[in-house]
Amino acid sequence: MNFSDNTQNIITNAQRKLVEAFEKVDEIATFNQLKVLEAFQFNNVGQRHFAQTNGYGYDDIGRDTLCNLFAQIFGGEKAIVSPLIVSGTHALTLALYGILRPGNEMLAITGSPYDTLKEVIVGEGNGSLKDFGVKYSQIQLNDGKIDINKVLNSINKDTKLIFIGRSRGYEWRNALSIKDIAEAVKAIKQSHNDICIMVDNCYGEFIEKLEPTQVGADIIVGSLIKNPGGGIAPTGGYICGKSHYIDKIASRVTSPSIGMEVGSYAYGYKDFYQGIFLAPHTVAQAIKGSMLVGQVYSDLGFETMPLPGEKCGDIIRSIKFDTQEQLIDFCRAIQEASPIDSNVVPFPWDMPGYEHQVIMAAGTFVAGASIELSADSPIKEPYIAYMQGGLTYEHVKIACMYCIEKLLSKKD
Ligand SMILES: *Cc1c(COP(=O)(O)O)cnc(C)c1O
């Protein structure tokens with residue numbers, strides 16, 4: 001691949017504008033790297049924790065120490081970290097079923113939860129929370145912020161769990177900042193300390209110096225094939241927060257009689273330890289890549305979110321294209337620029353759990369891992385591509401050049 005001078009100039013100019021923004025990203029990454037390193041040292045992590053285990057997995061120190069490590073890093077009392085959790089959706093589902101009981105109400109205060117949770121919460125006859133008599137209501141964001149007055153007025157005697165989605169999902173909005181979350185949590189806790197505040201933390205880990213659990217949220221939940229897996233973890237999810245909630249959720253992860261006393265992993269735990277160790281750096285690579293792509297497309301006249309140079313709240317970059325063709329071309333260029341399956345041409349398809357057709361580019365080592373460079377988008381107006389991840393900044397930069405060449409080759 002030979003990139004034209006024009007393409008290379010676009011990249012160089014964009015990079016120049018981002019010097020200060022990149023310095024801030026590096027500063028956060030160093031802070032978080034130290035936080036993670038100290039947790040490893042405190043927990044005396046050693047080779048013995050990487051061992052393969054089998055059977056019930058009683059006294060599996062690899063599993064137990066991994067849970068303690070995450071709890072310390074994320075500032076929770078306890079954590080559940082497990083390769084037996086298949087995805088972020090599974091982790092969120094376990095947490096919801098662990099805490100909510102018939103007659104309780106779940107109140108989502110950042111609009112619709114992520115698409116794949118809809119069937120979990122209000123599905124009909126599929127074993128959803130609704131089938132078990134759990135009520136649900138939701139409050140839209142107001143100008144991208146939590147409408148705290150409306151939240152306080154909507155809380156009633158049955159409200160048991162308040163749900164916050166930190167990342168944007170498939171919406172044209174920015175992710176919430178930790179400050180936004182801290183303010184909402186404080187306002188709710190002042191009058192309702194008994195309500196569980198749960199944050200869907202997917203794509204948010206290590207973006208800032210603090211996690212939601214470090215500003216008062218009760219529970220955070222996420223996927224190990226996103227940020228905290230560092231691009232190394234092969235599968236899994238985590239749930240972290242207050243002990244009395246984590247214990248209830250542990251009953252759901254396995255069984256009320258055995259909780260987190262069991263669970264083996266014949267593949268061994270090294271990749272989870274190495275993944276969380278690398279995560280602050282990997283997230284910084286993805287964020288810088290995201291900032292570069294945002295700057296480049298903004299310079300080319302497209303709307304992007306967040307704005308170029310603006311602080312990111314998650315690793316996602318939204319780009320609004322003029323046509324469906326541009327959107328599809330963008331995703332295809334990302335795929336072509338991937339180390340894995342670069343020969344595959346992505347097409348829009350009817351994905352289960354999504355309303356519109358979706359196109360997905362993910363040429364990843366870990367199948368579908370979106371901490372690796374990936375892009376996806378529902379095919380609907382306005383034509384917004386959501387790009388995220390990138391194990392190295394250099395790779396995202398190169399992929400960005402593929403995208404520009406494809407775009408400019410079709411102009412005029
Ligand atoms: C990815 C994601 C999920 C679901 O995770 P899966 O691993 O895809 O099941 C939930 N919420 C948000 C915000 C996500 O980004």
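A polar side-chain atom of Ser87 lies 3.3 Å from an oxygen atom of the ligand, where a polar contact is a pair of N or O atoms within 3.5 Å. This is a predicted model, in which local features need pLDDT of at least 70, side-chain atom pairs count only at pLDDT 80 or more, and totals for chains, interfaces and linings use all residues. Residues are numbered from 1 along each chain as its sequence is written, and side-chain values use heavy atoms, with hydrogens and water left out.

Thr89 also has a side-chain N or O atom 2.5 Å from a ligand oxygen.

Let me turn to the shell. The residues around the ligand, with a heavy atom within 4 Å of it, include Leu92, Tyr114, Cys202 and Lys226. Helix H4, residues 88-99, supplies the largest share of that shell, 3 residues; helices are DSSP runs of H or I with at least four residues.

Finally, the cysteines. How many disulfides does the rule count? The count is 0, a disulfide being a pair of cysteine sulfur atoms within 2.5 Å. Cys67 has its closest cysteine sulfur in Cys240, at 9.7 Å, which is too far for a bond. The sulfur of Cys400 is likewise too far from the closest one, 6.1 Å away in Cys403. Cys67 is buried at 7% relative accessible area, and Cys400 is buried at 2%, with buried meaning under 20% (1.4 Å probe, protein chains only).

Conventions
Polar contact = N/O pair within 3.5 Å; in protein donor to acceptor, adjacent residues only side chain to side chain. Helix = DSSP H or I, 4+ residues; strand = E, 2+ residues; numbered from the N terminus. Buried < 20%, exposed > 50% of the residue type's maximum accessible area, 1.4 Å probe, protein only.
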